[in-house]
Amino acid sequence: MMPTLVEITSPYTTTDVFATKLVYFDKVGDSLYLMEAMDGKTVTDPYDPVNIIAQFPIVEEQENKIVFDFKKGFDSLIIAEGDYSSADSPSVALPTLASYIENFISDKNSLSFDHIAQVNLSGGSATVHFNYTFMLSNRDNVAPLVVEDEVRFGYFLTKPIYERSTGNPQQVINRWNISQPITFYVSSNTPEDYFESVKQGILAWNDAFESDLIKVKKASDKIMLGTPGYNVVQWVGFDKATGAYTIWHAHPITGEILKAGVVLPSVFAVTNKDKAKRLLATLDTNLLTGDANKKEDNKAHIGLAGFESIKLCENDFSKPYREFLNLAASGSISDNTILDLSKLFVKYVVMHEIGHSLGLRHNFYGNLGSKAPLNIDDNFINNLLTEDGYNGSLPSASIMDYLDFKDAVRMHRLGEYDIMAIRWGYGIDNSNNQARPLYCTDEDIAMNADCEPFDGGNEPILWRDLRLKEWLAYMSSWVEDVYFNSMQLEDEDAPEMNLYLWQLARLADYIDVTKNVLEINGSTVVERRAKAADVLAEYLKASDQSYDAVLNLATDKLLTRLLSQNEDQGKVIAAFGYIQSIRDMGVAYIFDLLSRMLNPSVSPIIPVNELSTDFIYVLPEMTKAREVVRPIALALSTIAANHISTTEPSEPMDFRLLAARIIRMFEEETVKDIRNSAAAKIRANIAALEKERQGLINNNDQVRYNQLIADEQTVLIALGGGSSIPPLVNELETEPLGVD
């Protein structure tokens with residue numbers, strides 16, 4: 001039994017698929033019951049549990065047939081979940097106000113029909129359209145491929161199937177029966193400009209099968225996602241989405257994929273600069289958390305009692321998509337080039353989703369197999385559109401990776417991993433002498449620094465350094481050129497700032513000893529952690545590459561604009577306020593990052609929003625790795641010694657104190673010279689302030705300088721005290737600290 005929720009009358013039409021079940025009918029008393037077969041779900045003899053799905057009243061019974069109320073049984077299955085239910089009852093039955101069943105299609109092996117029902121909701125009513133397909137179960141089409149404990153390639157798996165009596169579980173991979181062609185239909189509403197890109201994205205997988213196994217046809221107007229018997233790539237007119245997704249039905253015992261489909265939103269069809277500007281202005285996304293769309297309006301969670309909703313992967317492509325929109329809206333490329341790039345991006349998305357529909361999961365280690373150049377030059381677009389995917393090299397070993405825009409549009413064919421995975425899973429080459437490829441997927445991200453969506457290159461640390469430099473080069477003009485002109489000054493519309501902070505957090509993962517780091521390219525784990533610390537330090541200390549320095553440059557640009565042009569004063573002031581708000585946000589982010597270095601087991605010292613969940617911790621054990629600690633300590637010493645000047649911006653006092661305390665927790669021999677150098681600079685700060693104070697007459701100025709001097713002394717004490725290092729406080733008044 002294969003149920004599909006085709007649509008719901010709400011602001012957004014949705015398509016959902018529910019898990020396939022093995023079922024049978026059983027007559028008990030005056031009712032006919034739809035029951036779930038418990039094959040592989042029960043292990044204890046002699047007990048045979050039953051699972052009732054639906055009850056149908058018998059209307060008439062004859063010798064060789066039973067007439068029953070089909071509609072009433074299926075009406076009872078519709079439930080509400082999420083916002084339509086309550087915390088005490090996560091799912092509730094929905095009263096059916098009106099319903100009917102139509103479009104019966106049957107042959108010797110299957111029966112399908114549509115069930116349309118108007119249901120009563122707390123805020124009104126909604127009409128839902130379900131399709132049900134019943135097929136005779138055939139366990140001979142695909143021989144189950146049992147997955148061993150060590151995962152060789154990433155496939156979706158069946159739920160555990162338990163051996164009778166022993167209870168030993170096993171899972172098999174999901175795959176198609178390839179004794180016959182697999183045909184995908186491209187929906188008839190797909191724009192003509194993109195039909196060929198969709199088709200190429202589907203047919204690209206034939207390279208892995210070494211045949212023309214996969215076919216593509218253009219669907220008629222009557223064939224859509226959810227139409228029985230058709231695998232459909234459905235174009236959906238929805239410009240607010242930033243992701244595509246795949247749905248399917250699969251045999252729960254053999255793993256055979258019986259039907260699949262892809263939802264492809266129209267938002268990817270960026271045909272010109274004006275459309276890019278419009279989409280960029282309306283895109284509602286938070287790039288740091290990855291929550292692509294705020295779905296306040298889409299609260300309809302309609303389900304079926306006893307059925308699990310199945311979406312293989314609801315991909316969020318907001319990061320590369322926004323990169324593309326920024327490029328397209330900039331005016332630096334023609335409308336024809338924008339269209340060409342969007343076709344390549346659509347092809348990448350379709351290739352990725354068809355990979356899911358064939359059974360493959362994500363592989364976020366794909367970029368580690370890259371043979372493409374890290375630093376893409378200014379001729380990137382010309383090379384891309386005139387050559388074979390930028391000199392024929394691929395930026396990832398797998399199309400099942402999440403890639404940034406410049407890498408995504410270079411994935412013009414399958415990666416080495418994709419071909420190996422298909423040939424292994426489908427028995428085309430099942431030899432055990434294949435080199436085991438690098439593979440990690442969604443559940444591996446939390447514990448592996450190299451397993452990360454939207455990174456790139458075979459050395460992600462260097463790749464992130466390049467991306468951070470690109471952001472810094474762009475950010476100083478971003479406020480003026482993009483936000484100042486469009487007046488989009490809300491905090492949530494700060495994707496570039498979020499990207500910068502997100503990249504910092506990902507770099508910090510490499511010096512978090514709770515995360516695994518790979519030995520790659522001949523570099524040891526310790527060497528790679530040290531390299532990450534070195535790179536991260538450059539962006540934390542007060543330098544031209546710092547977050548604060550770039551925002552100062554943006555401020556200067558706005559000030560120049562204000563003085564040299566007859567601008568709206570209110571508009572310029574609003575832009576100044578915006579820069580300050582994102583400066584505060586960034587300082588809070590980095591402050592929390594550093595506070596976790598003090599004590600990773602407690603909450604941050606200052607309250608910040610949900611951004612704090614991705615900050616690093618440097619545990620005490622990490623302080624023993626000198627080559628990792630020193631770059632961070634050097635960056636922190638610059639922050640600690642950056643005194644509050646009377647003429648130029650500097651680090652806030654609480655930020656400086658925190659930096660000093662973190663340095664103090666490191667082993668003395670590792671950072672002694674760095675700490676002493678910072679102390680010497682702070683003493684110089686004090687001396688300079690005392691000299692300036694001597695020439696002051698105004699009492700208010702003297703009070704202000706007294707406070708500045710007291711602040712410097714507070715930081716100096718914080719830098720020298722502590723239980724793990726002999727305190728320097730007693731020495732400060734008698735002799736200066738030298739620099740080793």
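Mentor: Contacts come first, a contact being heavy atoms within 4.5 Å. In the protein chain, residues 24 or more positions apart account for 70% of the contacts with a separation of 6 or more. This is a predicted model, in which local features need pLDDT of at least 70 and side-chain atom pairs count only at pLDDT 80 or more, while totals for chains, interfaces and linings use all residues. Residues are numbered from 1 along each chain as its sequence is written, and side-chain values use heavy atoms, with hydrogens and water left out.

Trainee: How many helices and strands does the protein chain have?

Mentor: Helices (H or I, at least four residues) and strands (E, at least two) are DSSP runs, numbered from the N terminus. The protein chain has 18 helices and 21 strands.

Trainee: What share of the residues of the protein chain count as buried?

Mentor: Buried means under 20% relative accessible area, exposed over 50%, and partly exposed in between, with a 1.4 Å probe and protein chains only. Of the 740 residues here, 52% count as buried. The accessible surface of the chain, from the Shrake-Rupley method with a 1.4 Å probe, comes to about 32700 Å², and carbon and sulfur atoms hold 49% of that surface.

Trainee: Which residues have the most contacts inside the largest nonpolar core?

Mentor: A nonpolar core is a set of buried Ala, Val, Leu, Ile, Met, Phe, Trp, Tyr and Cys residues joined through side-chain atoms within 4.5 Å. The largest has 85 residues, and I202, W205 and L358 have the most contacts inside it. Helix α6 (residues 335–357) gives the most to this core, with ten residues. A second, separate core has 53 residues, including I461, Y500, A533 and V535.

Trainee: With which residues is W205 in contact?

Mentor: Neighbours within four places in sequence are left aside. Among the contacts of W205 are then M351, I354, L358, I399, M400, D418 and I422.

Trainee: Which other residues have a positive phi although they are not glycines?

Mentor: Two examples may be given. N103, in strand β9 (residues 96–106), has a positive phi of about 60 degrees, and at 45% relative accessibility it counts as partly exposed. E210 has a positive phi of about 55 degrees. E210 lies in the loop between α3 and β15 (214–218) and is exposed, with a relative accessible area of 54%.

Trainee: Which cysteines form a disulfide?

Mentor: A disulfide is a pair of cysteine sulfur atoms within 2.5 Å. By this rule the count comes to one: C440 and C451, with their sulfur atoms 2.1 Å apart. Both cysteines lie in the loop between α9 (416–425) and α10 (460–486), so the pair ties together parts that are eleven residues apart in sequence. The torsion about the S-S bond is about 100 degrees, so the disulfide is right-handed. Both C440 and C451 are buried.

Trainee: Is K371 buried or exposed?

Mentor: K371 is exposed, with a relative accessible area of 66%. Its place is in the loop between α6 and α7 (380–386). Not counting residues up to four places away in sequence, K371 touches S393, L394 and E416.
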